[in-house]
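Subject: Structure handover

Hello,

Here is the structure we talked about. Please open it first, then read the notes below.

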Amino acid sequence: MLLPEVAHAQQHPEQLIWSDEFNSATTPSAPNSANWKFETGANGWGNHELETYCSYGSTQPPCDAEHPNAFVGQDGYLHIVARRDDQGHYTSARLTSHGLQSFQYGRMEARIKIPKGGGFWPAFWMLGDNISKVHWPACGELDIMENIGKQPGTIHGSIHGTGFTGGLIGLPTTLPDDHAFGDAFHTFGLIWSPQKIQYYVDSPTNIYATFTPASLPHGAIWPFDDGKSFFILNLAIGGSWPGPPDATSKFPQEMLVDYVRVYVR
């Protein structure tokens with residue numbers, strides 16, 4: 001006899017409701033503007049980061065339109081490229097689906113090959129749509145994947161909100177045999193349901209972190225049932241957590257994204 005949850009899953013299979021497969025380019029091109037826009041600038045982004053984030057086609061120095069920091073290639077990948085120019089300026093890209101694509105509940109995942117080397121900080125994460133009204137951290141932050149270059153075999157999944165920011169609510173996971181995440185593509189995912197956040201690597205059955213309101217410190221506010229959230233894909237350089245590039249940091253370095261997908265039952 002089937003367990004009730006198994007029978008329910010068979011009656012209500014997952015449906016793919018949105019994705020960007022990054023497959024449409026016949027030549028290197030800008031990411032789909034119906035899904036992504038660029039956040040730009042060099043203000044440290046609250047983390048003392050070193051990069052200037054550039055939009056596709058930007059000619060504003062140190063950005064270089066001939067060497068874009070984000071593009072969809074003929075290989076079917078979104079390339080997010082960290083560069084260092086002859087004057088030592090760092091550039092990269094930060095893409096957001098804010099105001100374009102946002103979701104609440106379901107299973108969200110991206111297949112990514114992260115860069116390798118000290119000082120690199122790739123991330124796949126989400127922020128609440130209500131950020132302009134309630135601001136951060138009240139909007140809620142879902143960090144599906146973060147890696148810092150000095151920990152090549154570790155990624156971190158964490159949640160943030162009012163009363164739980166910084167390193168308070170997060171868990172790491174590692175690959176077997178000290179393998180580096182940057183050696184191959186891996187799938188980083190979120191299973192989001194009312195009152196529950198779960199993170200996995202490579203398979204939805206491989207859950208390494210589960211968070212509920214009971215996970216929060218006293219007085220903290222759970223924000224993840226308040227509405228939809230949007231995606232962010234970025235590759236930071238330097239900052240308080242990863243530290244600056246070092247002798248292991250080779251430029252240019254790429255974060256390759258095969259797809260971003262959203263499923264619901």
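Rings of Phe, Tyr and Trp pair if their centres lie within 6.5 Å, with the six-membered ring used for Trp. On that basis, Trp18, Phe22, Trp36, Phe103, Phe124 and Phe231 form one aromatic cluster. Keep in mind that this is a predicted model.

Aromatic pairs

The whole structure has 16 aromatic pairs. Two are worked through here.

Take tyrosine 90 and phenylalanine 251. Their ring centres are 5.4 Å apart and their planes meet at 35°, so the pair is tilted. The cut-offs behind that word are under 30 degrees for stacked and over 60 for edge-to-face. Tyrosine 90 belongs to strand E6 (residues 90–92), while phenylalanine 251 sits in the loop between strand E17 (229–237) and E18. The pair therefore ties together parts that are 161 residues apart in sequence. Tyrosine 90 has 15% relative accessibility and counts as buried.

Now tryptophan 121 and tryptophan 241. This aromatic pair is edge-to-face, with 5.7 Å from centre to centre and 90° between the planes. Tryptophan 121 is in strand E10 (residues 120–128). Tryptophan 241 is in the loop between E17 and E18, so this pair links parts that are 120 residues apart in sequence. Tryptophan 121 is buried, at a relative accessible area of 9%. Tryptophan 241 is partly exposed, at 31% relative accessibility.

How many of the 8 residues of strand E9 are buried? The count is 6, so this strand (residues 106–113) is largely enclosed by the rest of the structure.

E9 pairs with strand E14 (residues 186–193) in the antiparallel sense, over 7 bridges. In that pairing, alanine 110 stands opposite phenylalanine 188. E9 also runs antiparallel to strand E18 (residues 253–264), again joined by 7 bridges. Here isoleucine 112 faces valine 257 of E18.

Aspartate 258 and arginine 111 form a salt bridge, with the closest N and O atoms 2.8 Å apart. Aspartate 258 lies in E18 and arginine 111 in E9, so the contact joins parts that are 147 residues apart in sequence. Aspartate 258 is buried, with a relative accessible area of 16%. Arginine 111 is partly exposed, at 28% relative accessibility.

The nonpolar cores

The largest nonpolar core has 51 residues. Ile112, Ile159, Ile197, Tyr199, Phe231, Leu233 and Val260 have the most contacts inside it. Phe231 is also a member of the aromatic cluster above.

What does isoleucine 159 touch, leaving out residues up to four places away in sequence? Its contacts include Leu142, Phe164, Ile169, Ile197, Tyr199, Phe211, Leu216, Trp222 and Phe224. Glu141 is on that list as well.

A second, separate core has 7 residues, among them Trp125, Leu127, Ile131 and Phe230.

In total, the structure holds 6 salt bridges. Two further ones deserve a look.

Arginine 261 meets glutamate 21 at 2.9 Å, N to O. Arginine 261 is in strand E18, and glutamate 21 is in the loop between strand E1 (15–20) and strand E2 (37–38). The pair thus ties together parts that are 240 residues apart in sequence. Both partners are partly exposed: arginine 261 has a relative accessible area of 21%, and glutamate 21 has 22% relative accessibility. Arginine 261 also lies over the face of tyrosine 259, at 3.5 Å from the ring centre.

The other is arginine 94 with glutamate 39, where the closest N and O atoms are 2.6 Å apart. Arginine 94 lies in strand E7 (residues 94–96) and glutamate 39 in the loop between E2 and strand E3 (52–53), so parts that are 55 residues apart in sequence are tied together. Which of these two is buried, and which is partly exposed? Arginine 94 is buried, at 9% relative accessibility. Glutamate 39 is partly exposed, at 26%.

Best wishes

Technical notes:
Residues numbered from 1 in each chain as written. Predicted model: local features only at pLDDT ≥ 70, side-chain atom pairs only at ≥ 80, totals over all residues. Heavy atoms only, no water. Buried < 20%, exposed > 50% of the residue type's maximum accessible area, 1.4 Å probe, protein only. Helix = DSSP H or I, 4+ residues; strand = E, 2+ residues; numbered from the N terminus. Pairing = 2+ DSSP bridges. Core = buried A, V, L, I, M, F, W, Y, C linked by side-chain atoms within 4.5 Å. Contact = heavy atoms within 4.5 Å. Lys NZ or Arg CZ within 6 Å of the ring centre and 35° of its normal. Salt bridge = Lys/Arg side-chain N within 4 Å of Asp/Glu carboxyl O.
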